Structures are given as structure tokens and as C-alpha cells.
Amino acid sequence: MTALLEVRHATRRFSGLVAVDDVSFTLAPGEILGLIGPNGAGKTTLISLISGTLAPSEGEVLFQGETITKVPAYQRARLGIGRTFQIMRPFPGLSVLDNVAVGALFGRGGGQPKLAMAREQARACLDFVGLGRNASQRADELGGPGRKRLELAKALAMQPKVLLCDEVMAGLNHVEIEEVIAVIRKVRDQGISVLVIEHVIKAIKSLSDRLLVLHHGEKIADGVPSEVLENATVVEAYLGKRRT
Amino acid sequence: MKALRPALIVVAVALLAALPWFGSDTLIQFGINTLLLAVLAQGWNIIGGYTGYASFGNSVFYGLGSYGVAIAMVQWHLPFAVGLVFGVGLGIVFACSLGVAVLRLKGHYFAIATLALAEVMTAIVSNVKLAGQNVGLVLPPLNNDRLFYELALGLLVLATLTIFWLTRSRFGFGLIAIRENEEGAAVMGVNTTLYKVLAFTLAGIFSALAGGIHAYWITFLDPESAFDISLNVKMIIMAVFGGPGTVLGPIVGAFSLSAVSEILSSEVTSIAGLFFGVVIVAAIVLMPRGLADIVRNVPKSGWRYFRQNIRAHRL
Amino acid sequence: MGLLAQILVNGILLGGLYAVMALGLALVWGVLNIVNLAHGAFIMLGAYASWYLYTDAHIDPFLGLPITAGVMFGLGYLLQRGLLNLVVRAPMFNTLLITFGLEVVLTYLAQLAFSADFRTINPPYAGDSWQLGPVTLPVARSAAFVVAIVLSLGMWLFLLHTRLGRAIRATAQNLVAARLYGVEPRHLYAMTFGLGIALAAAAGGLYGTVSQINPYIGASLTAKSFAISIIGGLDNPLGVIVGGLFLGVVESLTTLYIGPTFADVASFGILLLVLIVRPSGLLGRTA
């Protein structure tokens, strides 16, 4: 079974600082891959390399077997790569419904040309994430948790094959986190692969099929959650060296 | 109530169209100027209001449209309509060739680049023989103000219908997405470069058409007046005063500001310009989102609306 | 050969004046995020102030610069405190429009007060010049150049080495940081804008000694200051000096070799090129 998404030896430098250092991994269809690591490990940069927002200094990105390293961001969206942003970016002047409708209008395959149809699809996505009641509100009137769900809904409206989630659980309480986990599982059940960046270890442990750990831009572990979290290097990365 | 609105608009357009038969000559001339300014404001609305790229270069399209008509009619003896098409063609070439480079810039850098473009074009055209260089060109006269009035009105209706279409089309949504959050739009599948150039070109086409009509109407043009940079600011002020990113805002802005300016000019000549300046300053402080926003919010919030604007933007 | 040298010298002298003209604009733009379209109008006012000081009070235009600058500093401070501080946190485009409105108001007031005729400041040494080998150095222009360079370097040192200067630079990065320096932000903003206007006024005083003034010179001077600021780069206070000199030389060369009507094409054409190829300017940090 060919990997849906493959990253080969991706490196990204920012005038002297190496944000992502020779990272390689694959994402299979229908898989939930968790991406963890301390702050500044390069997780968001890696996601940006996949979504096309940034270009790698070295390395390749492949989607469905085809190299997409030079493909611009909007075309990757049309191929089926969707992402949410850690620093949330709703379209503030538009309603919640219309925010999501943009995704439906421009998503996979170029999206839906008719506005009315796009709004219908948007409504369905809002219901899916639990924002159905807020459809006619202005996007900037939503609170933090609402905005996280809006980000998800926007990405889902694009009908992606891969969903890149950047810290959709940050700042949420236990109940809200459980709800987001449920939504992500529903997303996977639809056949969409998900790459989830998260800091809430407990949540990502139960959610992910596999875990990938980044530290100082390098991949330091890749495997089943229970094993990865026992890994000494990973523990050290988060907690620092033990004083002997 | 909602069904009443289109009916009101149709009535307003009909009244405007009938004006040349009831108004004095000065009124008709004022009408032509105002209608053309409204077209320019609407054109700017497409690139500045909806796409969020505040262009200070629409005067270039206006000038190209003017010169297109002038050169076609004076040098090649072609009819007016062909001249208009030529002018639009020049505008499209300009938008597509320089637009891509300039639209890569963000925010005020884009504004300044378009301003620089405008300055450069003025200087270049002053040196082109075909365009009559510094002296300019004189067009064959056509003494039919009513015709020009109706042409201008028709163009305004066309521009406004285009914007109305924008608000309900995939293209328009893409533009708004670019305005609200360009990177977010790209990641959702919007071809931002293509859309920006299209918006810029569309705005340019309307500006060029307005320039062409204006040139034939006043029968004379030279580089200074055709590529008049102050036109840029006028159209922006009118669009912003009326409400950028709305369908009717720029029209309201153009009509109201022109009317005020005209009244003041006839009453106290030199104060008119001064008043304009004061109005702009006051408007930016009190109503930065334009009249359209006032109409939307003041019924709800009353005077608090203005205080809220200040509070949101002060240091 | 002698002609080329003269042209280059002319360009450099002009460039110094250009540099100090743009300095105030770059300062206000870089620090306060205010795109001041009225900048040229303040240059114009400074020129008139110098003119009146010279014509009515017989104060030499160069010696009178501190007075002009001081008065205009006060005007700038009040403007920022009373008006511009109200729109500082609005989208930058709004500062563009509000300063445009100011420009219209100032130009009209100037026209009412001073009438539209052309004036020059003509101190007795206005026509004199020094001879340096094959090159002629007009006294007024050379003095203007020296003052301009002194002001620009002084500004650079001020920003780098004084407490207030550092606070101003910190504000450009981060408003909270400025508060940590113990300066109240509204006051700091007003000081910065006042400084920018004082520099513009000083530039105006210098301008008046080498060129004619009338109420309408504001707009083109603003445009030129923009070009210089961007070409030189807004990050580095020295950028304006580089930008000014560069533009002065380019304009002089263009006037000689291509034609005077092309001087503007050259300046704005270069501005365009810089914006497209290297928006951070010649001295900018990152491409």
C-alpha cells in the first residue's frame, strides 16, 4: 500500500537557523499520525512544507506517489491537502458559514462553482464539527474553542484527503478536548488521513495510530505511541537531562 | 422590505437617466463628472475594496483609456467605439504585464509601487510623439452632453452590476478571501496571483472606459490631466467615505462628496478644498469604514458608534 | 571629464539635501507605522518659516534652522497628540488617508496665508561659490549639504546611543517594550512625530536656500521622500543617506545624459525596480 503522503529528507533553513533538519516519514491512507515535540521543535514549519506555504531548502514532498515539492500552495489544496493554522486565521469580515463556503468553493479538484451549493456543503461541515448553530455569526465574534472548530470546518469543506491539524486543542478544557478528539476520529472514519500536532500528550496518545517526535528540527522517534513515549530520548527532550 | 430595495434602485436609475431632459446644462455637466468619478470609485472598489489591494495606480488606466480614444480618433481616424476598445486593450496589456510584479507586494508597498507607476507613466507619455508629447491631442468635437451623460450612467450601472455579481460569485468570494487573509486563501485553493491580476485588470477596464468617455467629452487631453494623480486620491476617498467593499458605497461617496464640493465651490471658492481636507480627516477618525457602515450600525448603536471607532483605533 | 565630475558633485550635494528631506518621513514611518502623505507640506512650511525669519527678522537661514525646527517640533507634537494618536491602531491605510487630508488642509492654509507666488531665500552669499579643481561648489548648496549630513548622522547617533533614541527604536519593535523604558507611549509617539516634523522643517529651510518655494511644492517632495526612504531601506537610519545620495546622483546624471524631463522617470523607475526586486531597500537586512 503506497503511502498517501511522504516526506523525504526535508530540511528548511531560515538564514542560519535550521528549523527542520533531514526529516523523513510517511502517512498511510486512513491513518492518524500524531506529531509532538517541545516548543520550537519545527512542527509548524514541517506542516508548512507539506501544505506549500513554505518551500524546503532540501528534500522532497510526495503526495499519492507524485512529487509536489515545487507545486504552489493553492494547487496542493486542490490535490487534497488541507490544513488548519495554529494562529487562527478566519476571514473576519465574513460570516461563519461563508468562511467555510470558501473551502467548498475552492477545495479539492478546484471546488464547487455554485455559491448556493457551496453554502449547503458548508452547512454540512459546520454541523459535522458542531458549529451548526453559529452559521450566521460573524467569524470574529466566535470565541477561542469556536474558532478552532471553524478552522477544522474550513479545511474539511475542501474535501481533503489529508488533513494537517496544527494544535487544534490548545487552550481547550477537558470536555472540549474530548469533543475535538471525537471529531477527528469521525474525520478519519470518512477515509481522511490526519496529521495532528498537539501538546496535550494524553489526548494525542489515545488518538494517534503512530507518533512522530521532533526536537530541534530533527526526528527523534517514530512509532507506536506507547513505545515512543517510553523512549528515553523523547523523555529527555521534554524534561531535560536527569541530573545524576 | 427586501423586495423594495431593487425597486427603489430601478426608480433611482430611471430618474437619473431622465435628468438631461429636466436639468440645466451645468447640472448635466456636473452629472457627467460625478458619474465618471463614481465609475472610478467603483473600479477602485474592485481592487481596493474587495481584494484589499489599495491601488494608487488606477489613474494610469484612466490615462490609457483617454489616450486610446484620442490616438485612435485623431491619428488613425477610427470611430469612438473602436477607440474605447483600443484604450481598454492598452489597459489590459498594462495590467497583465506590470500587474504581476507589483501585486506581489503587500499593503502600503503595493500602494507606493502603483503610485510610482503612475508617475512614471505620466513622464513617459509626455515623450511619446504619437500621443502628441507634452502638448497633447485635440479630439473632434461632439456637442452632445446628453449622450455622454447617458454613456457615463450606463457605464456606472455596468460597473455596479459587476460588483453585485462579485458578491455572489466564486470569483468574488476568492477576492474577499484574499483581502481577509491571503495566506489562508492560498492554502484553501485560491489561485491568489491569478485572481489579483484579474481584479486589477477588471478595475482597470472600468477606469479606462471612464477615461475614454471623458476624453471625447472634453475633446482635449495632455499627459498631466489624463494621468492626473490626484484622481487616484479622489476615487479612493470617495470609495472609502462611502464604504469600501460594498456594492453601493462608492456611488454614495462619489455623489455626496461631489455635491458638497460643488456647493462649496459656488459659495466660497477657496474654502472648498480646505473643507475636503477637513472632511477626510474627520471621516477617518470617526467613520473609517464609510457611510455604508454607519447606515448598518448607527440605528443600533447611535452616537456610541463614533466613540467606539475612536476607542478601537487610538493609541 | 570635468563635466562629469561637476555633475557627480552636483548630484552628491543634491543627495545630501534629499537625505535630510526623507529622514523625517522614514523615522515616522519606521517607528510609528504612519505613512505621512503630508510630509512634503511640512517641508514647505519649514521653508516659509525660514523665509519669514530671514525677510522679517533678518536671521540667516542656516542659523535660524534651530528656531524653525523647534517651532515645527511643537506643531508636530501637538498634531500627533491631538489627532494622529487617534488612528494609530487602525489599518495603516487609514494613516495614509488622514495625512492626505492634512496635506490638503495645510496646502490650502499656506496658499491663503502666503499666496501662490514663488519665493527664494537669498542671503548675501547666495551667488558665491568655491572652486575645487575643475569643480564649482556653490556656497549655499554646499552649506546645505554639510548641515544635511550633520543632521542625518546626528539622527543616527541619537537613535543608537541616547536613552530616548533607544526607546524610540524599541517602540518600533514593540509598544510594551517602550513602556518598559519608562516613557509613556502617547508622549513617545508625539515626540517621535515632532522629531520627524522638525527634520522636515529643517530640510525645508535648507531647500529654501537652493530652490524656489511656493505652497504647492509639498506633493512632489513627499513623493521624492518616499522614493528615497524605500530605495535606501527603512530598517537602517543610514539608509536614507544612501538613498538620498544615490537618487541625487542618478537624477543629475539623467538630466545631463538623457534629458531633464526624464529625471522623474529615473527616480520613480528606480523606486519601482527596488520595490519589485528588493523591497527592503539597498541597505535592508533581509531580501
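Modeller: A residue counts as buried if 20 or more other C-beta atoms lie within 10 Å of its own, as exposed if 12 or fewer do, and as partly exposed in between, with C-beta atoms placed from the backbone. This is a predicted model, in which local features need pLDDT of at least 70 and side-chain atom pairs count only at pLDDT 80 or more, while totals for chains, interfaces and linings use all residues. Residues are numbered from 1 along each chain as its sequence is written, and chains are lettered from A and ligands numbered from 1 in the order in which they are written.

Helices (H or I, at least four residues) and strands (E, at least two) are DSSP runs, numbered from the N terminus. Five of the five residues of β7(A) are buried, so the strand is mostly covered. In a regular strand, side chains alternate between the two faces of the sheet. Here A:V162, A:L164 and A:D166 point one way, A:L163 and A:C165 point the other way, and all are buried.

Two strands pair with β7(A), pairing being at least two DSSP bridges between strands. Strand β6 of chain A (residues 81–83) runs parallel to β7(A) and is joined to it by three bridges. Within that pair, A:L163 stands opposite A:G82. Strand β8 of chain A (residues 193–197) also runs parallel to β7(A), with five bridges between them. At A:D166 the bridge partner in β8(A) is A:I197. From β7(A) the chain passes through α6(A) to β8(A) in a right-handed β-α-β crossover; right-handed means that, with the strands pointing away from the viewer, the path from the first strand over the helix to the second runs clockwise.

Next comes the loop. A:E167 has 20 other C-beta atoms within 10 Å, so it is buried.

For contrast, chain C has another non-glycine residue with a positive phi: C:H58, at about 55°. C:H58 sits in the loop between α2 (39–57) and α3 (65–82) of chain C. C:H58 counts as exposed because it has 9 C-beta neighbours inside 10 Å.
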